[in-house]
There are 4 protein chains.
Amino acid sequence: MSIPDPIFRPAFAITRASHVVLRVADLQKSRAFYVDTLGFVVSDEDSNTLYLRGLEEGCHHSLVLQSGSEPACQRVGMRVLTEDDLDLAEAHFRRNGLPTQWVEVPFQGRTLHTADVVGTPLELCATMTTQPRRIMDFEVFHGACPQRIDHFQVLTNEVRSALEFYMGVGFRLSEYIVHDDSDELRAVFLQRKGNPHDIVFVNNAGPRLHHSAFTIPEIYHLMYICDLLGRNGFGAGVEWGPGRHFGPGYARFVYLRDPDGHRVELFTNHYQTIDIEDEPIRWQVSDLNTGRWGTPPPASWQQQGSAFAGAPLRQPDRARPAPAPAAAYAR
Amino acid sequence: MSIPDPIFRPAFAITRASHVVLRVADLQKSRAFYVDTLGFVVSDEDSNTLYLRGLEEGCHHSLVLQSGSEPACQRVGMRVLTEDDLDLAEAHFRRNGLPTQWVEVPFQGRTLHTADVVGTPLELCATMTTQPRRIMDFEVFHGACPQRIDHFQVLTNEVRSALEFYMGVGFRLSEYIVHDDSDELRAVFLQRKGNPHDIVFVNNAGPRLHHSAFTIPEIYHLMYICDLLGRNGFGAGVEWGPGRHFGPGYARFVYLRDPDGHRVELFTNHYQTIDIEDEPIRWQVSDLNTGRWGTPPPASWQQQGSAFAGAPLRQPDRARPAPAPAAAYAR
Amino acid sequence: MSIPDPIFRPAFAITRASHVVLRVADLQKSRAFYVDTLGFVVSDEDSNTLYLRGLEEGCHHSLVLQSGSEPACQRVGMRVLTEDDLDLAEAHFRRNGLPTQWVEVPFQGRTLHTADVVGTPLELCATMTTQPRRIMDFEVFHGACPQRIDHFQVLTNEVRSALEFYMGVGFRLSEYIVHDDSDELRAVFLQRKGNPHDIVFVNNAGPRLHHSAFTIPEIYHLMYICDLLGRNGFGAGVEWGPGRHFGPGYARFVYLRDPDGHRVELFTNHYQTIDIEDEPIRWQVSDLNTGRWGTPPPASWQQQGSAFAGAPLRQPDRARPAPAPAAAYAR
Amino acid sequence: MSIPDPIFRPAFAITRASHVVLRVADLQKSRAFYVDTLGFVVSDEDSNTLYLRGLEEGCHHSLVLQSGSEPACQRVGMRVLTEDDLDLAEAHFRRNGLPTQWVEVPFQGRTLHTADVVGTPLELCATMTTQPRRIMDFEVFHGACPQRIDHFQVLTNEVRSALEFYMGVGFRLSEYIVHDDSDELRAVFLQRKGNPHDIVFVNNAGPRLHHSAFTIPEIYHLMYICDLLGRNGFGAGVEWGPGRHFGPGYARFVYLRDPDGHRVELFTNHYQTIDIEDEPIRWQVSDLNTGRWGTPPPASWQQQGSAFAGAPLRQPDRARPAPAPAAAYAR
């Protein structure tokens, strides 16, 4: 299977996964989950919207919750480096037949609404209002002590299209998974910021948001947050883990479902990947059982995701069922 | 339901859970599991026997592995305080119609073989050969860094008999579980050493050893040992966890199956219970879902245990199925 | 140097270090330190007194703060097992010419005020009012998450007298330090509850309270609490550590001074010592440099302690200066 | 005080701190320190050179030890993105009157030797031989489990020159310290890889290497490595910490001196800084006492550093003594 060559000097510079905008049914319930339990910092709030950030983040928000009748992911946000990059991005997306629209978004600089080639609704900006990093404000450390947003995972049946599109704008492929019996792509892990993921695409009916991921400091917090979630009535929201991925990213993770079913990953570790000689790591599905321990992901984790607002599911073109855990792994 | 009164000055002093003797099929495989992976210290070994202890233990062994054709638990070991206590114990067990025999056991002082009222084969002694505590020998810290033995869990359909027998010799009941619809005992947690468990009895066909438990230092080790087990080919042996008990003991645990299927619990935390006003904590089965998060125990954990050598299963007298996880807990 | 033989069946049963009563100048400042920062649980409070306990403690208090004009330690509290033990204790202390007085103390059962042979004011009781253990109430976990009281350290020039007195009532000597050039005792570590310390005596002008010690869960808390103390204006109160003792107890510690200068040790680890063959571990002062790293204790830690209320300093009879760190250890 | 504007599209792309080359007196002693104790992975070794990397590093080396008669830092290594960047860098350094030389270095691609404007000997390359990341090879995790190189700190009396030079080639200033009584720069923290440091310059006689810094996973490792160093005879090498910086970077650190006196920082945490609106954080020397706890840095840490081979000390032009800890911080 051929992987496109990386473009080290893309036409415009997307720099990182920036923020996610989620529509939720009950803002107070979401606040109890994300702020009172997980420990996100509130940057601003009004009756309809909650702007949250992690303890180390100096940008205004990495997680925006808006009340609305039906849970959905509104948009996935990415940063570009400068205002020039934003104009170049607009031209690029337009030239590729993708929707572009300049919008006003509170606490953000000039903002472009667009979508990628598999239908993921995107929001790009170069700047946000700044906020103090709370990294030394130990008295506000709470719950999981979320530090910063790290990446998104999107479900789509058009994994190869996503790969080509994002590599074409300068993303690098850190890792990918192919099926055992063919070179067909099961998942691609793409990055701009020098660690293994900014956006990940996995083969399933889409576009849907599988999860947004945030970093937390230590294994201690991975276990403690589960205890606190249980205590605060969110125990059933611990969907999978604490555990370990035995494939791309190698994360020590826990996956949570928020009160609307949106999925959040908290994890403690990733690796740096910046150098030109870092080739994408290739995994076959069956490799993912090597070294494995712990409960396999539940069916919900394998199949469910948040709809994107205004982005209906496309016809599956080359859907493949999620692979069963290898027999060797079962007791 | 009535609980016997504690006896604060018993006729003889059992002081603590001491050691467990397991029969294993392949001593080298067990060594790879317990020594090379979990990190137990080898006190002595010959072609048939491996004597292991935790990093902080100054006694010769807390885990003895003997090769033999069929996996079984040979005996559960308890310490008495003095040689006098041993003689008084012998008299007590004999008077109660239980088998008693003085035996020679390497690295132990005078040793009594007997059994409790539900058929658990016991081994009592007042002293062992001493070994240096390795608590500051950081260069031997490895794997889970097991510190010391803590308790045993035994399956039996005669939970009330076990309760009365052990409280009669000075054990205190720290916690117990009753069924929701009756006062019938589901499990009793008994202790001598001032933390909540030395020996636990849970309702199931027995006598069988459900698990032996060892303390480890930090949550870090709880996750790291799973990773190392996976890496060393023992990933399928991670039976349940890392997780949290939402009932007696509150332990942060991981349950492992060794190469012969013997179950070991590693956990990081317990509480002190010494005072006379510490009343046994009563749980109903349905209470155990409060605050719960994470995967329920697999069927193997609920039903399987190690046979005791020479102690055939007794007829179940009041067997009850393991309770299903509460509906409220299922997604 | 001769160590007395342990008495395994003493005339009455002291069971453990129980609580400490400190007089403080400003109760609100002490509350900010112990409750808002360290994370102790408030069992009760009135305008003059604050009753605190650790997260796992079911007894009413392990730390009592009383407002008063001059900072001092009022009393060191110990538990006896039963009311009978209390009467036997009263007789014993009286027979030895030590002061005894029955007093009423809120939230405690019958209480005996007495003193040991070196002048430490003691308070003995068999019971307290019980309180819920907060061990699973994760939403109140805060600061250092103190779990329970562990031990006291007392300064006295009469270390041998203290040793003989406490071993005479059933304490066991877990470890001791002698000077390099003589067998003179520098420090003795005495225990009843089966881990290495309940009360420790170190050679210095006394009687004075050097510190009370509380357990905390993980190394994480050892570092985090320092950060939080700094943030809350108590940074100068971090007197020594986080560090490691290279002698008795081997604790991973941090020593704090509260707003009145009373010293508190927080530590994460100790070992179990119950068996009859556990001989006291002998250290020479020079052994304490083996394996050493980190800043030596400051002069304040070596010399300062809290006065006991109503217990004037006795004439030093065999005072020895604190040993200088070995030359080999200095850079 | 004026700070230059950042250059977001520099003429060539330096991407990150890459490696450090140290001359050591006894390679076996250094191996005992870095490999057997700290836990670095050996990529290659011969009788004169040891090539080491961290557990997550896929590049061949981040730490090179060469035996030689006099301890010194040979070079500080940086990565550029592509071979083109290397040529552009060569032209830039040459144009600025700095020495440039193409050299052959084992396991590296085309390599440029040059120096920065304050005399730091630099080594630039675009590629290295790759090695497997050991991130999942849990059986080789050992000691501090070093993950990857993060940054260098260099002493110089020409801090402003360093600032202007590095910002001129695209480095961003994340934080800086000025003296209380003037705007004179005391230290500048410069970065390329999106976290706060790649290279740091602090006012002192120079050029000298103050330290190289490596990331480690958890606070647990910060304490454990000190214990292991002590045990392995390197206890006196724990120069400062474990502690916390109360200024630029906020790191939870420990500073070590290797057998030749070269200083290594191990730390657990930094923050991400990528966005264009991230302004440099300005500190005055007196700010650095806010929230402070713990032992101030010893004189050795404040004054000593490794000479750079072939780079004699320049005349101090605006040397300032290291500021004394604020009186408010002393007990």
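This is a predicted model: local features need pLDDT of at least 70, side-chain atom pairs count only at pLDDT 80 or more; totals for chains, interfaces and linings use all residues.
Local features need pLDDT of at least 70, side-chain atom pairs count only at pLDDT 80 or more, and totals for chains, interfaces and linings use all residues. Residues are numbered from 1 along each chain as its sequence is written, chains are lettered from A in the order in which they are written, and side-chain values use heavy atoms, with hydrogens and water left out.

## Chain A as a whole

Chain A contains five helices and 18 strands. Helices (H or I, at least four residues) and strands (E, at least two) are DSSP runs numbered from the N terminus. The radius of gyration of chain A is 19 Å, close to the 20 Å that the globule rule gives for 331 residues, so chain A is as compact as a globular protein of that length. Here the radius is taken over C-alpha atoms, and the rule is 2.2 Å times the number of residues to the power 0.38. Along the principal axes, the C-alpha atoms of chain A fill a box of roughly 55 × 50 × 40 Å.

Of the 331 residues in chain A, 66% are buried. Buried means under 20% relative accessible area, exposed means over 50%, and partly exposed lies in between (1.4 Å probe, protein chains only). The accessible surface of chain A is about 10,900 Å², and 49% of this belongs to carbon and sulfur atoms. Such areas come from the Shrake-Rupley method with a 1.4 Å probe; for residues, only the protein chains shown count as cover.

Contact means heavy atoms within 4.5 Å. Among contacts in chain A between residues at least 6 apart in sequence, 70% join residues at least 24 apart.

Chain A carries 31 positive and 40 negative side chains, and the centres of the two sets are 2 Å apart. Lys and Arg count as positive and Asp and Glu as negative, while His and the chain ends are not counted. Each charge is placed at NZ of Lys, CZ of Arg, CG of Asp or CD of Glu.

## How the chains are related

Two copies of a chain are related by a rotation about an axis and a shift along it. Copies are superposed by least squares on the C-alpha atoms of residues with pLDDT of at least 70 in both. The same surface serves both copies, as 100% of the contact residues of chain C recur in chain B.

Chain A is superposed on chain D by a rotation of 180° with 0.0 Å of shift along its axis, at an RMSD of 0.0 Å. Within chain A, A:Glu218 comes closest to the rotation axis, its C-alpha being at 3.1 Å. In this pair too, the same surface serves both copies: 100% of the contact residues of chain A recur in chain D.

## Single residues

The table lists pairs of residues within a chain, with their separation along the chain and the distance between their C-alpha atoms.

| Pair | Separation along the chain | C-alpha distance |
|---|---|---|
| A:Leu256 and A:Glu239 | 17 residues | 5.3 Å |
| B:Asp5 and B:Arg172 | 167 residues | 8.8 Å |
| C:Asp44 and C:Phe107 | 63 residues | 9.4 Å |

A:Leu256 lies in strand S15 (residues 252-257) and is buried at 0% relative accessibility. Leaving aside neighbours within four places in sequence, its contacts include A:Phe33, A:Leu38, A:Glu239 and A:Val264.

B:Asp5 lies in the segment before strand S1 (14-24) of chain B and is exposed, at 66% relative accessibility. C:Asp44 belongs to strand S2 (residues 41-45) of chain C and is partly exposed at 27%. Beyond its neighbours within four places in sequence, C:Asp44 touches C:Thr49, C:Leu50, C:Tyr51, C:His60 and C:Phe107.

B:His221 lies in helix H4 (residues 219-231) of chain B and is buried, at 1% relative accessibility. Apart from neighbours within four places in sequence, B:His221 has contacts that include B:Cys145 and, in another chain, D:Tyr220.

Some backbone features remain. The peptide bond from B:Gly241 to B:Pro242 is cis, with omega near 0°, and B:Pro242 lies in strand S14 (residues 238-244) of chain B. A:Tyr250 has a positive phi of about 60° although it is not a glycine. A:Tyr250 sits in the loop between strands S14 and S15 of chain A and is buried, with a relative accessible area of 8%.
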